[in-house]
Amino acid sequence: MSHLALRKRLCNIAKQFYDKGWMLGTAGNLSVRTADNTIWMTASGQNKGELTPQELLLLTPDGKVLWSANEHLKPSAETSIHLSIYRQFPNVRACLHVHMLESNWLCRKHPESQIELASLEMLKGLGAHPKPRIEVVPNHRHVPDIPEELERRYRSAPPQVPGFLIRDHGITAWGADLSQARNYIELFSYVFSFMCREY
């Protein structure tokens, strides 16, 4: 897929997520890794419901801006999270971070650092074993502390699902391409919604 096609795809997914209420205001950030190992990512402070390809940034694997249509566009505060996922998992080509209500409700219900996901048929879509756990990381004020903590945990035990939660913040999921990562976000939403409605 060409760079322009990837940028348009990111904008389309951003609009889909905005319409679902997961990227309201300027919340959330999306990225995709190209064949030449550069990264297209949404810039900070942009409305995801009206995003255009000109409002994306091209980054190096260490987060330097290679291309920007506007000098006022800046990388998101969560850029370090995306870069960490790409470093840890060479086969990952897309990383999506959204702010869904269900993920925050679930974290409020479960104060532990891992949450066991409900045993639903939908879990098969995540490639998970019957009783997977998802990591929950504190919402550190210094954002780079989030991926640092996550990397320490994953060194001890690889993730059981392609995503993790930031408490009182949001869900980050990744995949082999944008379609897979988008599907994972939607599957997590379904499972979280069910768990939030359990009596």
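Reader: How much of α2 is covered?
Author: α2 is mostly covered, with eight of its ten residues buried, where buried means under 20% relative accessible area, exposed over 50% and partly exposed in between, using a 1.4 Å probe and protein chains only. This is a predicted model, so local features need pLDDT of at least 70 and side-chain atom pairs count only at pLDDT 80 or more, while totals for chains, interfaces and linings use all residues. Residues are numbered from 1 along each chain as its sequence is written, and side-chain values use heavy atoms, with hydrogens and water left out.

Reader: OK, which α2 residues are buried?
Author: Thr79, Ser80, Ile81, His82, Leu83, Ser84, Ile85 and Tyr86. The helix covers residues 79-88; helices (H or I, at least four residues) and strands (E, at least two) are DSSP runs, numbered from the N terminus.

Reader: What does Thr79 touch?
Author: Not counting residues up to four places away in sequence, Thr79 touches Met41 and Leu59, with contact meaning heavy atoms within 4.5 Å. Thr79 counts as buried because its relative accessibility is 7%.

Reader: And what lies 2.7 Å from a polar atom of the Thr79 side chain?
Author: The backbone oxygen of Ser76.

Reader: Switching to packing: at what angle do α2 and α4 pack?
Author: About 25°, with their axes 9 Å apart. Axes are lines fitted to C-alpha atoms, for helices over the stretch in contact, and angles run from 0 to 180 degrees between N-to-C directions. So α2 and α4 are roughly parallel to each other; that label goes to angles under 35 degrees, with over 145 roughly antiparallel, 65 to 115 roughly perpendicular and the rest oblique.

Reader: Which residues make that contact?
Author: On the α2 side, Ser80, Ile81, Ser84, Ile85, Arg87 and Gln88, and from α4, Ile146, Pro147, Leu150, Glu151 and Tyr154.

Reader: New topic, Gln114. Is Gln114 buried or partly exposed?
Author: Partly exposed, because its relative accessible area is 28%. Gln114 sits in strand β6, residues 114-116.

Reader: What does Gln114 touch?
Author: Arg133, Ile134 and Glu135, not counting residues up to four places away in sequence. Gln114 and Arg133 are 19 residues apart in sequence, yet 5.9 Å apart in space, C-alpha to C-alpha.

Reader: Last one: where is Leu187, and what is it in contact with?
Author: Leu187 is in helix α5, residues 178-197. Leaving aside neighbours within four places in sequence, Leu187 is in contact with Met122, Gly125 and Leu126. Leu187 is buried, since its relative accessible area is 15%.

Conventions. Polar contact = N/O pair within 3.5 Å; in protein donor to acceptor, adjacent residues only side chain to side chain.
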